[in-house]
Amino acid sequence: MDVTEHKRLAAAGELLRALAAPMRIAIVTELAGGGVRCVHQLVDALGAPQPLVSQHLRVLRMAGVVHGSRRGRETEYSLTDDHIAHIVADAVAHANEPGSPSTAREAVGATGTPR
C-alpha cells in the first residue's frame with residue numbers, strides 16, 4: 001500500500017470513528033431528513049439533553065461531517081455533503097437486515113443460546 005492509499009484509508013477510518021456513536025448517527029439521520037437544524041430543534045427531535053447534543057455536534061463538526069452557520073444567537077447545522085447521509089442510511093439499513101451481525105446478536109442471549 002502506498003502513502004496516498006494509506007492516507008485515504010486513514011481519512012475513511014476517521015470518518016467512521018466520528019460516526020461510531022448512536023447519538024451521532026441519529027443527528028446525521030435527522031439532518032439528512034430535515035436539512036438545516038438549530039441545536040434546540042435537534043434536542044426536541046432526538047429527545048436528548050442539549051449538552052449531549054452539543055457535544056456530539058462538536059465531534060461531527062471537527063470530523064467535517066457537519067457545518068455550523070451562525071444565525072444571530074443560534075447556530076444552524078447541516079451535513080457537509082450527501083455522501084454522509086448515504087453512508088449512515090446504508091449502515092442503518094444493513095444493521096436491520098436479517099442475518100446481519102447486530103440482528104444475530106439480538107437473537108442470541110448472553111449465554112450464547114438462542115432466545
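Good morning. The buried residues of helix 4 are covered by, among others, helix 1 (3–18), helix 2 (22–34), helix 3 (39–46), strand 2 and strand 3, where contact means heavy atoms within 4.5 Å. Helices (H or I, at least four residues) and strands (E, at least two) are DSSP runs, numbered from the N terminus.

This is a predicted model: local features need pLDDT of at least 70, side-chain atom pairs count only at pLDDT 80 or more, and totals for chains, interfaces and linings use all residues. Residues are numbered from 1 along each chain as its sequence is written, and side-chain values use heavy atoms, with hydrogens and water left out.

Which residues of helix 4 are buried? They are Val53, His56, Leu57 and Leu60; buried is under 20% relative accessible area and exposed over 50%, with partly exposed in between (1.4 Å probe, protein chains only). Seen down the axis, the buried residues of helix 4 fall within an arc of 105°, so they line one face of the helix; the arc is that of the directions from the helix axis to the C-beta atoms. Pro51 and Met62, on the other side of helix 4, are exposed. After helix 4 comes Gly64, with a positive phi near 80°.

Three strands form an open sheet in the order 1-3-2, with antiparallel pairing; two strands pair if DSSP finds at least two bridges between them. Strand 1 (37–38) and strand 2 stand at the edges, each with a single partner strand, so one side of each has no neighbour in the sheet. Six bridges join strand 2 (residues 66–71) to strand 3 (residues 74–79). In strand 3, Tyr77 is the bridge partner of Gly68, and Arg37 stands opposite Tyr77.
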